[in-house]
Amino acid sequence: RENRCFDFAAWRDALIKIGWTSLESFDSLILMNDTCLGPLFDIEDIFNEMEKKEADFWGMTNNVEHIDRSTWPRKKIPSHLQSYFMCFPKKTFKKKIFQNFFKQIRDEKNVAAVIEKCEIGLSKTFKEAGMRYESYVNINDRFGRFKFQLAFLAPDLLLQAGSPFIK
């Protein structure tokens, strides 16, 4: 398809084209965008560790709640899972809430709108529905409360924390 918008709309189109019923032949669904490099090493142990946590979905990194100081007025960014690598087990992608979330996604021309409506929106929507997410590299646990994009600005720390991907 023509590359006319960002990752979430491309994933929407792919999911619809593949079909919700066809997806059920898979154990999990990984959504990953082309802004990261990797995996730089074997990721089997990561999958084994994350499966033990029994989360409804997981990703490589989270973003902690913080105030975005680049906007005026200042904007509170809620904690959420970063979307460059996300894994959804079958129990999650079979749910109507998952399918409805992706069906309602619109083509966006602005990356900030995609982050707010889709990346933050996904974590918020699923959390409000009682679903739980985990991140492999939990920014709160491993680094304290970073107020910046660890995945973008500190790839060396991300690698040291065991992430097989850098952005």
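Modeller: A residue counts as buried under 20% relative accessible area, as exposed over 50%, and as partly exposed in between. The model is predicted. Phenylalanine 41 has 38% relative accessibility and is therefore classed as partly exposed. Its place in the chain is the loop between strand E1 (28-32) and helix H3 (44-52). Together with Leu37, Leu40 and Leu159, Phe41 makes a nonpolar surface patch of about 360 Å².

Phenylalanine 57, by contrast, counts as buried because its relative accessibility is 1%. A pair of aromatic rings is described by the distance of the centres and the angle of the planes. The structure holds 15 aromatic pairs. In one of them, phenylalanine 57 and tyrosine 133 are tilted, with 5.6 Å centre to centre and 40° between the planes. This pair links distant parts of the chain, since phenylalanine 57 belongs to strand E2 (residues 57-63) and tyrosine 133 to strand E7 (residues 133-137), 76 residues apart.

Both residues belong to a cluster that ring pairs build from Phe8, Trp11, Trp20, Phe57, Phe88, Phe98, Phe101, Phe102, Phe126 and Tyr133. Helix H5 (residues 96-103) has Phe98, Phe101 and Phe102 buried, along with Gln99. Viewed down the axis of H5, the buried residues lie within an arc of 160°, so they line one face of the helix. An α-helix has 3.6 residues a turn, so residues three or four places apart point the same way. The buried residues of H5 pack against helix H1 (7-18), helix H2 (20-23), E1, strand E6 (85-89), helix H4 (90-93) and helix H6 (111-128).

Methods
Residues are numbered from 1 along each chain as its sequence is written. This is a predicted model: local features need pLDDT of at least 70, side-chain atom pairs count only at pLDDT 80 or more; totals for chains, interfaces and linings use all residues. Side-chain values use heavy atoms; hydrogens and water are left out. Patches are made of residues with over 30% relative accessible area and no salt bridge: like charges are joined within 9 Å, nonpolar side chains (Val, Leu, Ile, Met, Phe, Trp, Tyr) within 5 Å. Accessible areas come from the Shrake-Rupley method with a 1.4 Å probe; for residues, only the protein chains shown count as cover. A salt bridge is a side-chain nitrogen of Lys or Arg within 4 Å of a carboxyl oxygen of Asp or Glu. Helices (H or I, at least four residues) and strands (E, at least two) are DSSP runs, numbered from the N terminus. Buried means under 20% relative accessible area, exposed over 50%, partly exposed in between (1.4 Å probe, protein chains only). The arc is that of the directions from the helix axis to the C-beta atoms. Contact means heavy atoms within 4.5 Å. Rings of Phe, Tyr and Trp (its six-membered ring) pair if their centres lie within 6.5 Å; planes under 30 degrees apart count as stacked, over 60 as edge-to-face and the rest as tilted.
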